[in-house]
Amino acid sequence: MIEGLVLRTAPQLVEPFGIGVDTATEILIVVGDNPERIRSEAALAKLAGISPIPASSGMTFGRHRHCLG
């Protein structure tokens, strides 16, 4: 049932590789409750809990791990 709602509301969210219905649902919920706080893709990712986090505590350049959930 949720999949149908997501596909009707924002089908573009599930088009990219790796984004499923659950993640798209979370994004829609966050945006619906806090539209004024979303000023960039980075702000959206942080609010949805899907922003990349460093892969290690050492000196790394460009390596990130995605934290989903």
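1. Ground rules. This is a predicted model, where local features need pLDDT of at least 70 and side-chain atom pairs count only at pLDDT 80 or more, while totals for chains, interfaces and linings use all residues. Residues are numbered from 1 along each chain as its sequence is written, and side-chain values use heavy atoms, with hydrogens and water left out.

2. Overall layout. The protein has 3 helices and 2 strands, taken as DSSP runs numbered from the N terminus (helices H or I, at least four residues; strands E, at least two). Reading from the N terminus, the order is α-α-α-β-β. Of the 69 residues, 17% are buried, that is, under 20% relative accessible area with a 1.4 Å probe and protein chains only (exposed is over 50%, partly exposed in between). Among contacts (heavy atoms within 4.5 Å) with a separation of 6 or more, 2% come from residues 24 or more positions apart.

3. Helix H2. H2 covers residues 21–33, and its 13 residues should span 18 Å at 1.5 Å a residue; the end C-alpha atoms are 18 Å apart, so the two agree. The expected span here is 1.5 Å times one less than the number of residues. Buried in H2 are Thr23, Ala24, Thr25, Ile27 and Val30, and the buried residues of H2 pack against H1 (2–9) and H3.

4. H1 on H2. Their axes lie 10 Å apart at an angle of about 60°, which makes H1 oblique to H2. Axes are lines fitted to C-alpha atoms, for helices over the stretch in contact, with angles from 0 to 180 degrees between N-to-C directions. Under 35 degrees counts as roughly parallel, over 145 as roughly antiparallel, 65 to 115 as roughly perpendicular, and the rest as oblique. On the H1 side, Ile2, Glu3, Val6 and Thr9 meet Val21, Ala24, Thr25 and Leu28 of H2. By class, that contact has 5 nonpolar, 2 polar and 1 charged residues (nonpolar: Ala, Val, Leu, Ile, Met, Phe, Trp, Tyr, Cys and Pro; charged: Asp, Glu, Lys and Arg; polar: the others, Gly among them).

5. H2 on H3. The axes of H2 and H3 come within 9 Å and cross at roughly 105°, so H2 is roughly perpendicular to H3. Glu26, Ile27, Val30 and Val31 of H2 meet Leu44, Leu47 and Ala48 of H3. By class, the contact of H2 with H3 has 6 nonpolar, no polar and 1 charged residues.

6. A look at Leu47. Leu47 belongs to H3 (residues 41–48). Its relative accessibility is 25%, so Leu47 counts as partly exposed. Leu47 and Arg37 are 10 residues apart along the chain, and their C-alpha atoms are separated by 8.7 Å.
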